[in-house]
Every structure is written in structure tokens, then in C-alpha cells.
Amino acid sequence: SGRWSDFGLRLASAAVLGPVALYCVWYGGEAWRVFLLVAAAGLASEWSRLAHLSRQDPGQHLILMGLIVGVAACQPHFAIGFIVLGLTFAVVLYFYGWFAAFGIPYAGVGAIALLWIRLRPQYGFDDTMFLITVVWGTDIGAYLTGRLLRGPKLAPLISPGKTWSGAVGGLLIGGFAAAMLAGGANGIAWRALPAAFLLSIFAQAGDLLESAIKRKLGVKDSGRTIPGHGGLFDRLDGFLAASPIAALLVLSVHGGLPLWG
């Protein structure tokens, strides 16, 4: 009870959804694309509800179509996906305002980055698994250490449940887990730690951003899609913030290298 009341439900949901996500990452190609399209559709639906758009409202359909078409149009020319997102953003902004429009780049840029990283010919799988390990490790580490150690609040006005102990624990566990993955049989790849820590910081920043949005709207969760976790934004907020940074890391290395160099 208390601190651990949601642990069983969170674990059960992760046990079901985790293998599905990992299979799609491993298979790549169309499986990964379909997985991200389904996620984009779910994110669009959640954001439309947060923006108080009804199911009959054309704005909801614009957001839905913009995210789906933006992600679907990415290969082989990823610029097309960003053009679709930009046009949809402009239309929704004109008719429905800043908040409704913000959901399009918020969800869409991260989804396109995740697709682009995985479809990278040589290190796409390694880079995607590195990112997943950082974000999942950060989430798990922050959850466990925060509830075990408690201590001072990280951002009480934004998310009262988050603590400094959880933030540090998430950073260390997520960072070292990814560095161990990068090292493989050789143990920890120390050169991978800077990239892992950077991605962990952005994942936690994404979590705080989503918490701030929910705080402003006066809602506890972005939706009820995932038992024990809330909505898709509650589960994917770290990826949405960290994946564009991972894409920039990929672009910063020169051919034939993973994102951590």
C-alpha cells in the first residue's frame, strides 16, 4: 500500500507491452513503422481530449491525420514528414489556438526521430536499443529510488511525487544500464556514459514538461490507455523529449559509428 500501491499494475502492463515494443524494434521496417503509427494515433486522440476537442470536432481529425500522415510519409524522404507536421500545425494554430497546435510537434517530432533512428542501415537497432535502455532505465530507477529513499522534492509545484533522489537514481541507473548495453561482453563502455546521461536528463525533462502540462490543465493523467501508467503521453513523455536529442547525436557522428561515438 502507499508508495507501492500501483507497482503490481505497472509491472503487469509493462510485462505485456514491453515485449511487443521490443519485437517491433528488433524486426524493424514495417513493424516498427506500424507500431509508431498506432502510438501516433493514440497520442493524437489523447491530445485532442486535453485540448477539449470533441470526437465530432474537425480539429481532432486534423491532429490525428497530421500525426499519422507525418509519420507515414517519412520514408525515404524524412523532410516530407516534417513538412506535413508543419502544415498541420499552421492550420490547427489558426483555427484552434496554440495549445491544440502544440501537440503536433510535441508528439510528431519525437515519433519521426524514433522512426529515422531505427531505419538507419548499420546501427539503427543498436541506437534504438540504447535509447530505450536509457529511458526505461531512467523511469525504473527514478521510480524505485524515489520511493525507497524519498527526500527533498524535485519540483513540488509541477510534480509533487518526484524527488531529487529519484532523479539522481534514474540518471545513474539509466546511464549505466545503457553503457553496459553498449559495452556488451566487454562490460561498461565508459565512452557511452556522456550520451547516456544526456539522454537521461532530457527524458526526465520530458517527464517534467508533461507533468507541467497536466498540472496546468488540472488532470492527473493524460488518459487511461495503459493500466497503472495512465495515458500514452504518461508513458512516452521521456521518449518524445529524448529521441530528437538522440537523432542529433546520430547526426553528429560520422558514418559507421553508433550514436555514442
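Me: Are glutamate 210 and lysine 214 buried or exposed?
Reply: This is a predicted model. In it, glutamate 210 and lysine 214 both lie in helix 8 (residues 193-217), 4 residues apart. Buried means under 20% relative accessible area. Both residues, glutamate 210 and lysine 214, are buried.

Me: How many residues separate arginine 235 and aspartate 139?
Reply: These two form a salt bridge, with the closest N and O atoms 2.4 Å apart. The pair links distant parts of the chain: arginine 235 is in helix 9 and aspartate 139 in helix 6.

Me: Why does serine 243 count as buried?
Reply: Serine 243 sits in helix 9 (residues 232-252). Its contacts beyond four places in sequence are Gly110, Ala113, Leu114, Ile117 and Leu131. The cut-off for buried is under 20% relative accessible area. Serine 243 counts as buried because its relative accessibility is 0%.

Me: What is the distance in space between tryptophan 164 and leucine 115, C-alpha to C-alpha?
Reply: Tryptophan 164 belongs to helix 7 (residues 164-183). At 49% relative accessibility, tryptophan 164 counts as partly exposed. In sequence, tryptophan 164 and leucine 115 are 49 residues apart. In space, their C-alpha atoms are separated by 32 Å.

Methods: Residues numbered from 1 in each chain as written. Predicted model: local features only at pLDDT ≥ 70, side-chain atom pairs only at ≥ 80, totals over all residues. Heavy atoms only, no water. Helix = DSSP H or I, 4+ residues; strand = E, 2+ residues; numbered from the N terminus. Buried < 20%, exposed > 50% of the residue type's maximum accessible area, 1.4 Å probe, protein only. Contact = heavy atoms within 4.5 Å. Salt bridge = Lys/Arg side-chain N within 4 Å of Asp/Glu carboxyl O.
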